[in-house]
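Subject: Handing over a structure

Dear colleague,

I am passing this structure on to you, together with some notes on what was found in it. Please have a look at it first and then read on.

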Amino acid sequence: MPTAAAGIYRATVPGRVNLIGEWIDFNGGLVLPMPLPVAIDLQRQANNLGQDRIISEQFEEVGDFGLEDPAAGHWSDYVRGALQYARAKGWISGGQTVSIASSIPVGAGLSSSAATIVATLKTAASDMKHVAPLTIALAAQAIENDYIGVPCGILDQVAVAAGEPGAALALDTRTRQYQSHNIPDDWRFLVLHSGVSRALSDGRYKTRREECMAAADNLGVDYLCDARLDDISGLDASLARRARHVITEADRSRQAVDALIASDFALFGQLMTDSHLSLQADMQVSVPRIDEIVRVALALGAAGARITGAGFGGCFVALVESKQAAQWADAMVRRHPDVKLIA
Ligand code: GLA
């Protein structure tokens with residue numbers, strides 16, 4: 001919950017890793033993100049400047065912006081979009097000073113942008129009676145879609161607004177119902193940066209989404225997850241690949257939630273690795289360096305490993321037995337010195 005002292009409102013919102021269920025949050029699938037112990041810590045206070053002042057500790061920057069300025073391709077967009085949304089809703093009024101400290105690496109696929117928007121909205125909704133986490137998440141998605149211009153699904157926003165640290169959140173992206181599942185102590189999902197950086201708003205995300213929509217359209221289904229593998233042969237080659245990823249990933253992620261509930265981590269790991277291979281071959285959002293890192297992760301004893309988030313670089317996640325985790329991570333970093341353990 002945001003806290004307030006003398007008109008200063010504060011919110012801490014975590015980053016997330018997606019364990020499985022990739023590229024299916026706008027295709028009607030089930031996704032399984034988990035909040036991480038890295039977070040955005042954000043403070044907001046009304047000012048008398050007639051403009052928004054945004055301060056980032058991380059970038060050592062201060063910027064002043066008009067109350068209705070459009071997005072500028074700058075890190076402050078996420079805060080400004082959220083402030084403009086909150087003013088339009090009547091949650092706050094006038095210029096605001098916001099300062100951000102963050103331990104979420106940027107461009108890593110760990111939802112630093114969703115966390116920044118959600119944290120700003122949480123502080124802005126502090127004086128409202130009760131704004132539910134799902135309301136905040138949907139608002140954050142609308143800001144990302146309409147103000148930032150990235151046509152993302154609802155995965156990141158629900159994960160960071162409603163998830164509990166250390167628990168996986170099974171989210172049905174169609175009904176938006178979600179349920180937390182604890183991870184038993186003897187297994188760990190380790191999140192590591194590959195050393196390859198990425199950016200979502202560079203157009204590749206949009207293209208992949210459009211391909212999924214075109215495939216669903218051609219197959220006559222509202223959600224691509226509802227299509228059948230038998231039907232995709234009539235699609236052109238690249239749409240058929242996207243459809244095959246989405247249909248098989250929807251199935252894998254349902255099986256993974258069952259495996260988690262049954263504590264079958266060998267199966268869970270296999271599903272993660274299969275997900276990676278599908279992201280590599282069919283969704284075509286991996287990069288050769290991460291394919292190689294995933295192979296090494298498995299060779300060093302991980303039960304499963306995959307690229308996570310939208311891909312094209314950034315982080316990967318590996319499932320490792322807790323008693324092996326420290327040794328596994330050391331060996332991984334020795335083999336690939338650019339790899340960095342995040343959580
Ligand atoms: C990004 C988007 C999400 C989702 C993933 C891919 O994180 O913001 O909505 O589509 O990519 O699974």
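Predicted model: local features only at pLDDT ≥ 70, side-chain atom pairs only at ≥ 80, totals over all residues.

Residues are numbered from 1 along each chain as its sequence is written, and side-chain values use heavy atoms, with hydrogens and water left out.

Strands here are DSSP runs of E with at least two residues, and helices are runs of H or I with at least four, both numbered from the N terminus; two strands pair if DSSP finds at least two bridges between them. Strand S10 (residues 187-193) also pairs with S12 in the antiparallel sense, over seven bridges, and there Val191 stands opposite Val317. Because six of the seven residues of S12 (residues 315-321) are buried, this strand is largely enclosed by the rest of the structure. Buried means under 20% relative accessible area, exposed over 50%, and partly exposed in between, with a 1.4 Å probe and protein chains only.

**The ligand**

An oxygen atom of the ligand is 2.7 Å from an N or O atom in the side chain of Glu22, and for the side chains of Asp156 and Tyr205 the corresponding distance is 2.6 Å. Of the 310 Å² of accessible area that the ligand has on its own, the protein covers 98%; such areas come from the Shrake-Rupley method with a 1.4 Å probe.

**Two histidines**

His245 has its place in helix H6 (residues 237-261) and is buried, with a relative accessible area of 0%. Leaving aside residues up to four places away in sequence, His245 touches Glu22, Trp23, Arg252, Ser278, Leu279, Asp282 and Met283, where contact means heavy atoms within 4.5 Å.

His130, by contrast, lies in the loop between helix H2 (112-124) and helix H3 (133-148), and at 65% relative accessibility it counts as exposed. The C-alpha atoms of His130 and Arg176, which are 46 residues apart along the chain, are separated by 19 Å.

With best wishes

Conventions: Polar contact = N/O pair within 3.5 Å; in protein donor to acceptor, adjacent residues only side chain to side chain.
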